[in-house]
Amino acid sequence: MTKLSTIYATSALLVGGIFLGNNAIADTTASSPTPNPIPASGSQCLSCHGEDGRPALADVPIIAGQQPIYLANALRHYKNGQRTGGQALVMQEMVKDLTDKDIEELAKWFGEQK
């Protein structure tokens, strides 16, 4: 590339940025926020409820954005056998080893997914 073509290319970029606005040139210095990862105890949730609480399957509830207290109560009720019907047997098996701390963390995480 000649010196003259480098000058033209640089000028075109600058002029393009002026006419198109500052957003025309990508800001490579800004970092995108790192998503808050699901608590380790929730890895088994993802297979049915999806990576963000929005399942691909029509018969699996969307739990993203639910009230954390609702989710925590539901998990506790599954764990102690008070919640039955539907997929309760599956859920009872999935939550049987969760601690109270695990339940609170999962309820908070899924509640924050919007």
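Mentor: In this predicted model, the axes of α3 and helix α4 (residues 88-95) come within 8 Å and cross at roughly 95 degrees.

Trainee: Why is α3 called roughly perpendicular to α4?

Mentor: Angles of 65 to 115 degrees count as roughly perpendicular, and the axes of α3 and α4 cross at roughly 95 degrees, so α3 is described as roughly perpendicular to α4.

Trainee: Which residues in α3 and α4 meet, and what classes does the contact contain?

Mentor: From α3, L75, Y78 and K79 meet A88, M91, Q92 and V95 of α4; by class, the contact comprises five nonpolar residues, one polar and one charged.

Trainee: What is the span of helix α5 set against the expected value?

Mentor: Helix α5 (residues 100-112), with its 13 residues, reaches 18 Å from its first C-alpha to its last, which is close to the 18 Å expected at 1.5 Å a residue.

Trainee: What makes residues of α5 count as buried, and which are they?

Mentor: Buried means under 20% relative accessible area, and the residues of α5 that are buried are D102, I103, L106, A107, W109, F110 and G111; the buried residues of α5 pack against α3 (68-79).

Trainee: Which residues have the most contacts inside the largest nonpolar core, and which helix gives the most to this core?

Mentor: That core has 16 residues, and those with the most contacts inside it are L75, V95, L106 and F110. While α3, α4 and α5 each supply at least two residues of this core, α5 gives the most, with five residues.

Note on methods:
Residues are numbered from 1 along each chain as its sequence is written. This is a predicted model: local features need pLDDT of at least 70, side-chain atom pairs count only at pLDDT 80 or more; totals for chains, interfaces and linings use all residues. Side-chain values use heavy atoms; hydrogens and water are left out. Helices (H or I, at least four residues) and strands (E, at least two) are DSSP runs, numbered from the N terminus. The expected span of a helix is 1.5 Å times one less than its number of residues. Buried means under 20% relative accessible area, exposed over 50%, partly exposed in between (1.4 Å probe, protein chains only). Contact means heavy atoms within 4.5 Å. Axes are lines fitted to C-alpha atoms, for helices over the stretch in contact, and angles run from 0 to 180 degrees between N-to-C directions. Angles under 35 degrees count as roughly parallel, over 145 as roughly antiparallel, 65 to 115 as roughly perpendicular and the rest as oblique. Ala, Val, Leu, Ile, Met, Phe, Trp, Tyr, Cys and Pro count as nonpolar, Asp, Glu, Lys and Arg as charged, and the others, Gly among them, as polar. A nonpolar core is a set of buried Ala, Val, Leu, Ile, Met, Phe, Trp, Tyr and Cys residues joined through side-chain atoms within 4.5 Å.
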